[in-house]
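Please read this briefing alongside the sequence and the coordinates.

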Amino acid sequence: MNTNEVAIRCGEHAFTRLQKLLPQQDRLLPKIYQTTDDQYVIYWDNIYWYETYNSNEAEIVKAFGQAFDYLEKRPFDQNGDLLPGYEFEFLKFETDSGDYQYRSNDWEVRICMEKSIRLPEKLKELSPETGEESNAYLVTFMCGTTPCINLAIAKTKEKVKEYFANILNVKESDFISIRLATEDDKRPGIPVHHIPEYPYVLHIEYSWGDREPDQKFSTKKDAWDKAMSMAMTEADTASNEKEDETAEIIMEKAKSEISLVYPKSAEENSFCRYYITKEKGE
């Protein structure tokens with residue numbers, strides 16, 4: 001099955017609706033850009049854009065298709081004019097065959113194909129997690145006796161330093177400089193690190209195979225507090241359903257894990273597991 005190049009150009013309100021549908025997995029996150037006139041562009045350079053494809057991509061395609069259906073029919077005033085901020089255009093290009101699909105509710109065409117999709121000019125890249133602007137930083141530090149240069153994509157300089165210190169184990173004394181990168185700094189061969197804005201991920205899994213959508217947090221404390229709150233609420237609900245028995249909560253803070261053991265029922269040894277992982281970026 002061929003992969004696709006996909007671009008979506010949209011106004012502010014359409015972007016707010018579509019951003020909520022973006023996947024949690026890093027490998028599926030698109031590039032997000034903003035034009036000089038405050039339009040947004042969501043762009044995948046390589047994705048399986050098929051509803052029948054048996055993967056997480058199929059769920060994304062179905063959700064976006066339903067959103068396009070809404071945007072093509074609903075956000076119009078009584079005169080039939082499109083409400084401001086709800087405009088969109090979608091272009092899917094199949095890289096091997098040259099086939100394409102186009103949808104839009106806007107008379108203005110601003111994304112088009114050559115041998116590949118051509119995006120509008122003068123875009124600034126935004127974070128797919130927050131929809132806010134990201135910055136490229138040039139990080140210079142000592143690797144033993146050798147100066148090293150890396151690029152980092154992050155919202156703030158503080159995030160960059162925290163990432164290099166905690167994930168790459170760069171000592172405070174080994175940092176030389178961290179500054180905003182220029183276009184001349186972005187040379188081929190320089191390692192690039194995409195630093196997640198919300199690196200701590202709360203996973204919730206049940207013993208019978210179900211799982212809740214992952215939740216992302218900027219700090220480990222926020223993720224832990226949320227896990228505790230959800231576990232306590234779930235334990236209270238489960239205990240109220242079985243008046244003579246109570247649910248048991250087992251905390252392993254060193255492992256960033258909480259286990260909720262349900263009261264005995266027809267299904268023995270049923271439990272819910274809450275655990276936190278940290279994304280290391282790319």
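The confidence score used here, pLDDT, is the predictor's confidence in each residue and runs from 0 to 100. The chain is a predicted model, in which local features need pLDDT of at least 70 and side-chain atom pairs count only at pLDDT 80 or more, while totals for chains, interfaces and linings use all residues. Residues are numbered from 1 along each chain as its sequence is written, and side-chain values use heavy atoms, with hydrogens and water left out.

**Confidence**
- The average pLDDT of the chain is 86, and 93% of the residues score at least 70.
- Among the elements of the chain, the mean pLDDT is highest for strand S1 (residues 4-10), at 95, and lowest for strand S8 (residues 124-126), at 74.

**Overall build**
- The chain holds four helices and 17 strands, taken as DSSP runs numbered from the N terminus (helices: H or I, at least four residues; strands: E, at least two).
- Its C-alpha trace spans about 65 × 65 × 40 Å along the principal axes.
- Of the 282 residues, 41% count as buried, where buried means under 20% relative accessible area, exposed over 50% and partly exposed in between, with a 1.4 Å probe and protein chains only.
- Among contacts (heavy atoms within 4.5 Å) between residues at least 6 apart in sequence, 57% join residues at least 24 apart.

**Helix H1**
- In helix H1 (residues 12-19) the buried residues are Ala14, Phe15 and Leu18; they cover an arc of only 100 degrees around the axis, which puts them on the same side of H1, the arc being that of the directions from the helix axis to the C-beta atoms.
- These buried residues of H1 pack against S1, strand S2 (31-34), strand S3 (40-47) and H2.

**Helix H3**
- Helix H3 (residues 157-166) has Lys159, Val160, Tyr163 and Phe164 buried; seen down the axis of H3, its buried residues fall within an arc of 125 degrees, so they line one face of the helix.
- An α-helix has 3.6 residues a turn, so residues three or four places apart point the same way.
- The cover over the buried residues of H3 includes strands S9 (135-143), S10 (146-154), S11 (175-180) and S12 (192-194).

**A loop residue**
- Asn79 lies in the loop between helix H2 (56-73) and strand S4 (88-94), and Asn79 is exposed, with a relative accessible area of 62%.
- Asn79 and Gln101 are 22 residues apart along the chain, and their C-alpha atoms are separated by 29 Å.
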